[in-house]
Every structure is written in C-alpha cells, then in structure tokens.
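The sequence and structure are shown first.

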Amino acid sequence: PVLYGRVLMSSVIHFKFRSALNFETVNFDGEYVTLNNLKILIAKKKGLVQAADIDLSITNKQTGEEYNRPDCIIPKNTEVEVMKTNAKIQLEALRNNTNTQRPSAPSSVEGSLLPFSSSSAPAPMQDPPNDDED
C-alpha cells in the first residue's frame, strides 16, 4: 500500500492453534494490531466468521501472557497461540460473576455472541449488566 507517496510495509502476526503443528500468518499494516482486530483477521483466514458460539483466546507464545482486553496492542512479528473457546459459557460466567474485580471479558456482547464481525471494524465492547444497581 502507498500512503502520501510512501510505501507502507505489511506487518505480520504468526499464529497457530494449539493442535496445529505449524504457524500461519496474518497480514496487517502498521507496527501493531489490536486484539479484536487480530481475532477478526484470524477468523477470516480460518473461515470462523459465521461461528456465533466461539471466541478466540490468544496467548503470547514466548511470554505466556494471555491477551484479554479488546483494545490490547500486539506488536508486529509476535508469535501467538490461539484456542477456540465457547463464547456462550464466557458470557454466562461474566453475567454470574459477583466479584468486584472485572474478569477477563469475552469480546462478545449481548445480542450478538459473535466475538468478531465480518466487517473490518470491530464491534465496541459493552459493559455487562450490573445486577447490583436498583
């Protein structure tokens, strides 16, 4: 791609599902990608865009850090491990959580359990309903 007369280099993230033997790559422009956008890129590449009952759990392969905020920044050339998780179970656990500390929220929102959309723009996160307020 060209921006204002400068050629932009395509960046990559290397990913593999836990059961896979080899890494695959997804391409994007820039120095980093957000977690939500990475989920969209992986879902499109693997044909998971229409699967409403799954979410993707993404962990840094070298550090073991699990990325859990949709706006979390993942630098280019990072190797990540991907695991399919059940979005419905995550949403139910989020609703039933009574801790004051917010858990690792799934990127799905009520009304649309699909954690990523087929458009390139990620859906905005919504806070879970708070049953404590009257």
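## Contacts of Ile 58

Leaving out residues up to four places away in sequence, Ile 58 touches Leu 35, Leu 38, Lys 39, Ile 42, Glu 65, Glu 66, Tyr 67, Val 80, Glu 81 and Val 82. The model in which these contacts are found is a predicted one.

Ile 58 also belongs to the largest nonpolar core, which has 20 residues. Ile 13, Leu 38, Ile 42, Ile 58, Val 80 and Val 82 are the members that touch the most other members. Strand 3, strand 4, helix 1, strand 6 and strand 9 are the elements that each give two or more residues to this core. The largest contribution is that of helix 1, with four residues.

## The chain as a whole

The chain has 134 residues, of which 32% count as buried. It contains two helices and nine strands, and from the N terminus these elements follow the order β-β-β-β-β-α-β-β-β-β-α.

Among contacts between residues at least 6 apart in sequence, 57% join residues at least 24 apart.

Five strands form an open sheet in the order 4-3-9-6-7, and the pairing is mixed. Its edges are strand 4 (24-29) and strand 7 (66-67), each of which pairs on one side only. Strands of a sheet pair through backbone hydrogen bonds, in either the parallel or the antiparallel sense.

Both senses occur along strand 9. Strand 3 pairs with strand 9 in the parallel sense over four bridges, and the bridge partner of His 14 in strand 9 is Glu 79. Strand 6 (residues 54-60) pairs with strand 9 in the antiparallel sense over seven bridges.

Helix 1 (residues 35-46) lies across strand 3 (10-17), strand 4, strand 6, strand 7 and strand 9. The helix runs at about 130 degrees to strand 4.

Is strand 6 enclosed by the rest of the structure or open to the outside? Seven of its seven residues are buried, so strand 6 is largely enclosed by the rest of the structure. In a regular strand the side chains alternate between the two faces of the sheet. Both faces of strand 6 are covered: one side carries Ile 54, Leu 56, Ile 58 and Asn 60, the other carries Asp 55, Ser 57 and Thr 59, and all of these residues are buried.

Strand 6 also pairs with strand 7, in the antiparallel sense and over two bridges. Here Ile 58 has Tyr 67 as its bridge partner, and Tyr 67 is also among the residues that Ile 58 touches. The hairpin of strand 6 and strand 7 has five residues between the strands, and in this hairpin Gly 64 takes a positive phi near 80 degrees.

Asn 77 lies in the loop between strand 8 and strand 9, and Thr 78 lies in the loop between strand 8 (73-75) and strand 9 (79-86). Which of these two residues is buried, and which is partly exposed? Thr 78 has a relative accessible area of 8%, under the 20% limit, and therefore counts as buried. Asn 77, at 49%, falls between 20% and 50% and therefore counts as partly exposed.

Leaving aside neighbours within four places in sequence, Asn 77 touches Val 12, Ile 13 and His 14. With the neighbours within four places likewise set aside, Thr 78 is in contact with Val 12, Ile 13, His 14, Asn 60 and Tyr 67. Of these, Ile 13 is a member of the largest nonpolar core, and Asn 60 is one of the buried residues of strand 6. Asn 77 and Glu 31 are 46 residues apart in sequence, and their C-alpha atoms are 9.1 Å apart in space.

Definitions and conventions
Residues are numbered from 1 along each chain as its sequence is written. This is a predicted model: local features need pLDDT of at least 70, side-chain atom pairs count only at pLDDT 80 or more; totals for chains, interfaces and linings use all residues. Side-chain values use heavy atoms; hydrogens and water are left out. Buried means under 20% relative accessible area, exposed over 50%, partly exposed in between (1.4 Å probe, protein chains only). Contact means heavy atoms within 4.5 Å. Two strands pair if DSSP finds at least two bridges between them. Axes are lines fitted to C-alpha atoms, for helices over the stretch in contact, and angles run from 0 to 180 degrees between N-to-C directions. A nonpolar core is a set of buried Ala, Val, Leu, Ile, Met, Phe, Trp, Tyr and Cys residues joined through side-chain atoms within 4.5 Å.
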